[in-house]
Amino acid sequence: MASLSMFFVLVPYLVLQYRCQGIPEPEVVVLVTDVGDAGEAGSIYMFNVSQKNLTKLEVPNINKPFAIDYDVTTGHVYWTDVKLHYIRRASLDGVDDVVVASFNSSCLLGGVTLDGASRKLFYTDEGSKVIGRMDMDSLGRTVIVHTGLEQPRGIVADTTNKNIYWTELDKEEKIEMCDYSGGSRKAVVTSGLAVPSGIALDEKAGRLFWCGHDVIGSVLLDGSGRRNVDTETAMIDITIFNGLLYFTALRDKSIYTMLENGQHMTPLASHLFTKPIGIHVFSPNFHKPASCPGGQYGVSCESCGHCEEGGICEKTTGVCLRGCAPGYRMPMCREECQNNTYGTCTPCGLCAEDDPCHRVTGHCPRGCKFGWTGPTCKTGWLIFAVAGTVIAVIVVAVIVGAVYNVRPTGGEERVTVVYRDDVLRNHVRPQSHVFPQDNARPHTARVSMDFRRVNNILVMSLP
């Protein structure tokens, strides 16, 4: 009992210390490569999960970036370029930009993975049908698998056991593994892979994931315990961070996240890309995984905020990935919305008697103020009436111009009579608007003024 009491004393202390010492709040960043359309240069994007903003990695001469990874040791992004045939690195601010390995034009660098602690980089080359290893400091490289490969694509390093796993896209689709030197090679999965292009590893759970056409599969490292999750979208690459899967969907031009068991699939950034391919997720300032159960996050496993029903919070930052329950403010969904708001803190419309609107729907309990309409009282019918009047005046002015330009001259009276018969009778009398009096000659002529009085046409004097 004493140890339990100490736990409840220590956790709030740790949280308070963490916030009061000026330590920055944890961030999670999603790296995405976008190859772009044919004939156009691609881009590398960074999506900040907490801030929900998308920015480009500002590095010149990016052409067709494909596979991507991040070295937490040095803070460098590594990526392959399938057009320029190299592996390149740069810091997140775009400086320290270096081509770390160049290849001949027959190469197709479809996959890359890092073991930053061991300073090892591994890549797949579909063109040369090999798997290579490179020292991240000396940049020396060697081929470690060169037989029995047809189309190796995705690759991931098991940094704990010093093994690599890769996908094979040939007619005999499979997932294979070997150690860092290319030895102890064996097949892990040999059937039902559905074009396995991307691969990821949860080292803590000892489970391997891959993605293909409309399905995410997974097995334990010995090939047992297989699971399949239908996603109803074709995926290109997949990665895992703190118990969440992240993947690119080429057809949707989007990136998604979901739990490892397939629940709570959520779009993170929809239709913001051209052709998203590679994906990697990391935290630039919080490298220790949060081992919290569902519904909790952070170093002390705090409870998540009021996430949208069926939603989850990211375990590093606590951000509700699908948004907040009505009445709470993004991104943490802990702070209640202010009065006169509804949903996720959207301002209420103009309710009658200044009533507060419904917290969830935004509906006004006693209707709208005069001049406003719609389910949330945000549409002004009075504005539309004024707009209609302006449009009518414009129409009249255009017709008047036509009368002056087309009708033959014959005196002011003749022009005014034509104006009355062709314009006022046909276009003004049926209307119910108030017309501004601009004191133009046709409008102040006796014939026009008599017509207005007889037909009760209202005018408003201009200053």
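**Sheet S8 to S11**

I looked up an open sheet of four strands, ordered S8-S9-S10-S11 with antiparallel pairing. Strands here are DSSP runs (E, at least two residues), numbered from the N terminus, and two of them pair if DSSP finds at least two bridges between them. I noted that S8 (109–115) and S11 (141–145) stand at the edges with a single partner strand each, so one side of each has no neighbour in the sheet. From one strand to the next the twist averages 25 degrees; axes are lines fitted to C-alpha atoms, and angles run from 0 to 180 degrees between N-to-C directions.

I then took the pair S9 (residues 120–125) and S10 (residues 130–135), which run antiparallel and are joined by six bridges. Lys 120 has Asp 135 in S10 as its bridge partner.

**Basis of the entries**

The model is a predicted one, in which local features need pLDDT of at least 70 and side-chain atom pairs count only at pLDDT 80 or more, while totals for chains, interfaces and linings use all residues. Residues are numbered from 1 along each chain as its sequence is written, and side-chain values use heavy atoms, with hydrogens and water left out.

I recorded antiparallel pairing over five bridges between S17 (residues 207–211) and S18 (residues 213–220). The two form a hairpin with one residue between them. Cys 211 has Ile 216 in S18 as its bridge partner. Cys 211 counts as buried because its relative accessibility is 0%; buried means under 20% relative accessible area (1.4 Å probe, protein chains only).

S18 is also joined to S19 (residues 227–241) by five bridges, again in the antiparallel sense. I found His 213 opposite Ala 234 in S19. S18 and S19 form a hairpin with six residues between them, and Gly 223 in the turn has a positive phi of about 95 degrees.

**Thr 248**

I placed Thr 248 in strand S20 (residues 244–249). Thr 248 counts as buried because its relative accessibility is 0%. Its side chain reaches the backbone oxygen of Ile 277 at 2.7 Å. Leaving aside neighbours within four places in sequence, I listed the contacts of Thr 248 (heavy atoms within 4.5 Å); among them are Val 32, Ala 234, Asp 237, Ser 254, Ile 277 and Gly 278.

**Disulfides**

Cys 304 and Cys 313 form a disulfide with their sulfur atoms 1.8 Å apart, and both residues are buried.

Cys 307 is joined to Cys 320 by a disulfide, S to S 2.0 Å. The torsion about this S-S bond is about -75 degrees, so the disulfide is left-handed. Both Cys 307 and Cys 320 lie in the loop between S25 (302–303) and S26 (341–342), so the pair ties together parts that are 13 residues apart in sequence. Cys 307 is buried at a relative accessible area of 16%, and Cys 320 is buried at 0%.

Cys 351 and Cys 364 form a disulfide with their sulfur atoms 1.9 Å apart. The torsion about their S-S bond is about -70 degrees, so this disulfide is left-handed. Both cysteines lie in the loop between S27 (346–347) and S28 (372–373), so the pair ties together parts that are 13 residues apart in sequence. I noted Cys 351 and Cys 364 as buried.

Technical notes: Buried < 20%, exposed > 50% of the residue type's maximum accessible area, 1.4 Å probe, protein only. Polar contact = N/O pair within 3.5 Å; in protein donor to acceptor, adjacent residues only side chain to side chain. Disulfide = S-S within 2.5 Å.
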